Amino acid sequence: MDVMSSSLQQQRIVVDQLRREAGIDRQTVSESCSKMMKYISEHEQEDYLLNGFTSQKVNPFREKSSCTVL
């Protein structure tokens with residue numbers, strides 16, 4: 001009996017999750033792609049992967065000073 005009630009509880013949880021997911025507003029892929037393309041083109045000047053850094057001091061990934069042997 002306990003196994004049956006836990007299985008029933010799990011099924012209720014699944015059904016609740018499916019109901020929440022069904023209520024989510026969705027967009028078409030073409031609409032999402034056009035929004036992404038617009039965002040990318042508006043922000044491409046700020047993209048360091050496309051434009052690089054203005055100087056090495058601005059680059060947080062630059063190599064720190066090299067080690068020297070004393």
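Me: Where in the chain does K64 have its place?
Reply: K64 belongs to the segment after α3 (48-51). A helix here is a DSSP run of H or I with at least four residues, a strand is a run of E with at least two, and both are numbered from the N terminus. Keep in mind that this is a predicted model: local features need pLDDT of at least 70 and side-chain atom pairs count only at pLDDT 80 or more, while totals for chains, interfaces and linings use all residues. Residues are numbered from 1 along each chain as its sequence is written, and side-chain values use heavy atoms, leaving out hydrogens and water.

Me: Why is K64 called exposed?
Reply: Its relative accessible area is 56%. The classes are buried under 20%, exposed over 50% and partly exposed in between (1.4 Å probe, protein chains only). With 56% set against the over 50% cut-off, K64 therefore lands in the exposed class. K64 and Q10 are 54 residues apart in sequence, and their C-alpha atoms are 53 Å apart in space.

Me: What makes Q27 partly exposed?
Reply: Q27 has 44% relative accessibility, so partly exposed is the label it gets. This residue is in the loop between α1 (2-22) and α2. From Q27 to V14, 13 residues apart along the chain, the C-alpha separation is 24 Å.

Me: Why do E31 and K35 count as a salt bridge?
Reply: The rule wants a side-chain nitrogen of Lys or Arg within 4 Å of a carboxyl oxygen of Asp or Glu. For E31 and K35 the closest N and O atoms are 3.7 Å apart, so the pair passes. Both residues are in helix α2, four residues apart, about one turn of the helix. E31 is partly exposed at 35%, and K35 is partly exposed too, at 45%.

Me: How many salt bridges does the rule give?
Reply: The count is two. K38 and E42 make one of them, at 4.0 Å from N to O.

Me: What makes M36, Y39 and I40 a patch?
Reply: To join a patch, a residue needs over 30% relative accessible area and no salt bridge; nonpolar side chains (Val, Leu, Ile, Met, Phe, Trp, Tyr) are linked within 5 Å, like charges within 9 Å. M36, Y39 and I40 form a nonpolar surface patch with about 350 Å² of accessible area together, an area that comes from the Shrake-Rupley method. Y39 is in helix α2 (residues 29-43).

Me: What is the radius of gyration of the protein, and what would a compact globule have?
Reply: The protein has 26 Å, whereas a compact globule of 70 residues would have near 11 Å. That rule is 2.2 Å times the number of residues to the power 0.38, with the radius taken over C-alpha atoms. The C-alpha atoms fill a box of roughly 75 × 45 × 10 Å along the principal axes.

How values were computed. Accessible areas come from the Shrake-Rupley method with a 1.4 Å probe; for residues, only the protein chains shown count as cover.
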